[in-house]
Amino acid sequence: MSRIEFNKVCKRYAPGLPLTIKDATLTIDDGEFCVFVGPSGCGKSTLLRCVAGLEDISSGDLSIAGVRVNDLPPAKRGVAMVFQSYALYPHMTVRENMAFGLQVMGADKAAIARKVQNAADILQLGPLMDRLPKALSGGQRQRVAIGRAIVKEPKLFLFDEPLSNLDAALRVQTRLEIAKLHRDLGSASMIYVTHDQVEAMTLADKIVLLHTGKLIDERGSVAQVGSPMTLYHRPASTFVAGFIGSPKMNLLPGKLVGAEAGHALVEVAGQPVRAAVDARAVAAGSAVQIGIRPEHIVVADTGEGAALPATLLHVERLGDASLLYVNPGAGLPTMTVRAEGSVVRPAGTALSLRLLPEALHVFDAAGQACMRTVELPV
Amino acid sequence: MNNRVRTAWLFLAPMLVLMGVVAVWPLLRSVWFAFTETNINNLEASRFIGLENFVGPYGLFFNPNYTDGFWASDWGTAIRNTFQFAFVSVILETLAGLGVAMLLNQEFKGRTLVRTAVLVPWAIPTIVSAKMWGWMLHDQFGVVNQLLLDWGLIADKIAWTADAGTAMWSVVLVDVWKTTPFMALLILAALQTLPRDCYEAARVDGVHPLRVFWKVTLPLIRQPLLVAMVFRLLDALRVFDLIYVLTSNDSSTISMSGLVMREMVEAGNVGFGSAASTSLFLIIMLSAVVFLRATRVKLAEA
Amino acid sequence: MNQRPLLGSVALYAAAALVVCISVGPFLYMVLTSLKTGAALFDPAIWPKQATTANYTALFEGAQPFGRHLLNSVIVATVTVGGAMVLAVTASYALGRIRFKGKGLLMLTLLGVSMFPQVAVLSGMFELIQALGLFNRTLGLVVPYTIFTLPFTVWILTTFMRDLPGELEEAAIMDGCSPLRIIFQVFLPLLWPALVSTGLLAFIGAWNEFLFALTFIVEDDQRTVPVGISMIAGATAYEIPWGSIMAASVIVTLPLLGLVLVFQKKIVSGLTAGAVKG
């Protein structure tokens, strides 16, 4: 009932300008919480606005609940939008703000009052109903903005960076409220735009990570679509691997020595290392990149996996964990290792980094990932 | 989005139509009349005479009857008067406006009072200003003459608005008095958008305030200042009310617009008057182009 | 903040006092003159020995229908400004918020029209007014007054429309509002201070207009105030009734002055918005 389908959607602002969105093809299922995320310039807000109807789609098809909506005005698409700056009507009270859209559509007074009350209950806006927006705090205004959307009972909710104007503490709290809202509203789908990958990882059923810059032309706008865990453990490219996860995944240059069905042998910093990937599609001897997340590296002199010698450059202690910045060798990029607890070691210490096959990612010369052969954690 | 564009034109249409009827049509007709001989009492009977109103023995320009030269003729004098008035006025009111703006930019007790006071000359209708100053500059009973006599600055009372030597200056005086607030407010607005850090850096460096003004302030407000001056210059070229009421369109002060009025309405010579008004229009357009070019050159240099 | 040196302070306050005197002095003198009659006018003393309101009463009982002039001015200015504002609201929405080809040119043309000399259209306008049967009628002045009032109001309102937040308009679009609804139900409540100051400025412009009022109205009854004042004549051909003229001037100026002073902040922002941003 609220399935959204993008089919090769492209958007160009003016002839002669490069495509802002290229060949976006994806499906959002009924009731799914989908997050559009990506670095600045990736077109995530533009894509959202195309769904809303505030921007025209240059080519391709967009369907909501089976109906092609490219040419429909926003009010006829069954969508409701929560703006980054909330965009509440300053001269109207909270109640009037929420009722306005329904009034424009011509609903009768009783129905309007009922729906407004319903939304107010869900969001606990009761005591605020007769206030003007300027008498509300940021968090309260945001709830009114959400209430304004709920009242229209849309098939699809659109959120444009709703948390970016809130302070850190409020952000966490509101994140939880939005997650709860999604559970309560059940059948409606939600598209949520953010630049913050933590919000994406915690809220999404499905993440759509978008390319930026030249990559849009080379590979289309969509870098990867999948569940948060899929993007985290099976990034489809170095772009995805570098965006999701903080601190970023370590990427080292290497060479593919050989590949079999269950694993591949690569050479990194002069060391032969086994990786649990299927790299048969890549020619032996070609340059590849090895990826490993900071928390998957074990610092131990003995143990499983290949040993990579490195020199400790600097330690950052966060309280519950420590970040170790190490140099794996001349000409190689600095690596980050995340260790539990407080690590107290002087700079210059020689360390041994253990690289387990299940922890390694391999990317070909074009940055595309080789299929990992480990199970995805739940 | 094409819907939006269509809506835009729909919303603009009434305004455009009205402007067409009220401005474009009369302008075109006026230009038409310039090529005719028409009397104001009978607009329908107009006789096409080509360029006779513009050049030739009955024309504005290149008239063999101008024995003392073009600039001594009525039309030439009017052009000369108008440009003199415009340039002198605008330069004076810019300088005065700059001074007042610098004053208002300082923080001191009673600043709001001064700012309110400064608005008064601008709020007074031009006619009233003309009459008011006309009274103050009156040769026999005017307070200006009285004060100047009392302070020993002049020997006899001067007929400021009637005497050919001083009439134009009295017009300039009133115009400057009236328009300085406008310039002052514009310049003040520009001054207040200037970044504070330049000044603080200068103060820390111990730079003398006059140098700060010359080297820092002036270049930074140059652009809005030039824009305001061009605006005012073009505005001043159309002057009519002040001169008509203060000096009754006397030949030493008559402006181009004044001459048009005299010929068209008082003498009833619609054709000739229209030729003058069309010429005025062209002169102003030409001036606009010249002024804008000149300021753009200055801005490009900056 | 540093302390201003004493000499600097003195100079500053002296300059301020001078500016205030020059600005307000003439007007005060005008008021004082209006309170003198007869021979007192020719007395060089500044203050009236016997202040009297005779001039004021004479205005309304005298040969010129001054009261009628005031009424005419009010009617013309109100109708002109009212009509212009109605058209300007929708026009400024289009110019301020919709992107379309030719907009820049249109704005420049509007500016150009408001800058051209009134006399340039005089003969054509004369013909038009006569054809419409509006010659010598007060309301006929609305036609030429629109030439400068309409572009002016459109220009100023456009800058205000431009400054309204885009997301507000988008929220209204998502709520299903048509452009007209957006203008009247969402923007207008936010714009009304701008409307007031723009209307005020336009009103003052129409009120003060002289040239067209002089040319197109010859019957005293239909005249507007500026022309009326310029024609106040005395009992004999040689006598100029300065007292009455000053009184009339004061009456005409006081409301304008009052309005300007009360709304000065808004007027200043309107003026500078139109000019600086233009």
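In this predicted model, the contact between chain C and chain B draws on 68 residues of chain C and 71 residues of chain B. On the chain C side, helix H1 (residues 6–34) supplies the largest share, 12 residues. The side of chain C that touches chain B consists of 52 nonpolar, 15 polar and 1 charged residues.

**Chain B: overall**

- Chain B contains 11 helices and 2 strands.
- Along the sequence, the elements of chain B come in the pattern α-β-β-α-α-α-α-α-α-α-α-α-α.
- A box of roughly 75 × 75 × 35 Å along the principal axes holds the C-alpha atoms of chain B.
- Chain B has 302 residues, and 42% of them count as buried.
- Of the contacts in chain B with a separation of 6 or more, 65% are between residues 24 or more positions apart.

**Chain B: helix H10**

- Helix H10 of chain B spans residues 256–266 and is mostly covered, with 9 of its 11 residues buried.
- The buried residues of H10(B) begin with the run Met256(B), Ser257(B), Gly258(B), Leu259(B), Val260(B) and Met261(B).
- Glu263(B), Met264(B) and Val265(B) in H10(B) are buried too.

**Chain A: overall**

- Chain A contains 9 helices and 22 strands.
- The C-alpha atoms of chain A occupy a box of roughly 75 × 45 × 35 Å along the principal axes.
- Of the 378 residues in chain A, 40% are buried.
- Residues at least 24 apart in sequence are joined by 67% of the chain A contacts between residues at least 6 apart.

- E6(A) pairs in the parallel sense with strand E7 (residues 156–160) of chain A, over 4 bridges.
- Within this pair, Met81(A) is placed opposite Leu158(A) of E7(A).

**Chain A: five-stranded sheet**

- An open sheet of 5 strands in chain A is ordered E13-E12-E11-E15-E21 and has antiparallel pairing.
- Strand E13 (271–275) and strand E21 (360–363) of chain A form the edges; each has a single partner strand, so one side of each lacks a neighbour in the sheet.
- On average, with direction ignored, neighbouring strands of this sheet are turned by 40 degrees against each other.
- Inside the order, strand E11 (residues 250–259) and strand E15 (residues 287–292) of chain A run antiparallel and are joined by 6 bridges.
- Asn250(A) is placed opposite Ile292(A), a residue of E15(A).
- Strands of a sheet pair through backbone hydrogen bonds, in either the parallel or the antiparallel sense.
- Chain A shows each sense: E6(A) with E7(A) is parallel, and E11(A) with E15(A) is antiparallel.

Key: Residues are numbered from 1 along each chain as its sequence is written. Chains are lettered from A and ligands numbered from 1 in the order in which they are written. This is a predicted model: local features need pLDDT of at least 70, side-chain atom pairs count only at pLDDT 80 or more; totals for chains, interfaces and linings use all residues. A residue is buried if 20 or more other C-beta atoms lie within 10 Å of its own, exposed if 12 or fewer, and partly exposed in between; C-beta atoms are placed from the backbone. Two residues are in contact if their C-beta atoms, placed from the backbone, lie within 7 Å. Ala, Val, Leu, Ile, Met, Phe, Trp, Tyr, Cys and Pro count as nonpolar, Asp, Glu, Lys and Arg as charged, and the others, Gly among them, as polar. Two strands pair if DSSP finds at least two bridges between them. Axes are lines fitted to C-alpha atoms, for helices over the stretch in contact, and angles run from 0 to 180 degrees between N-to-C directions.
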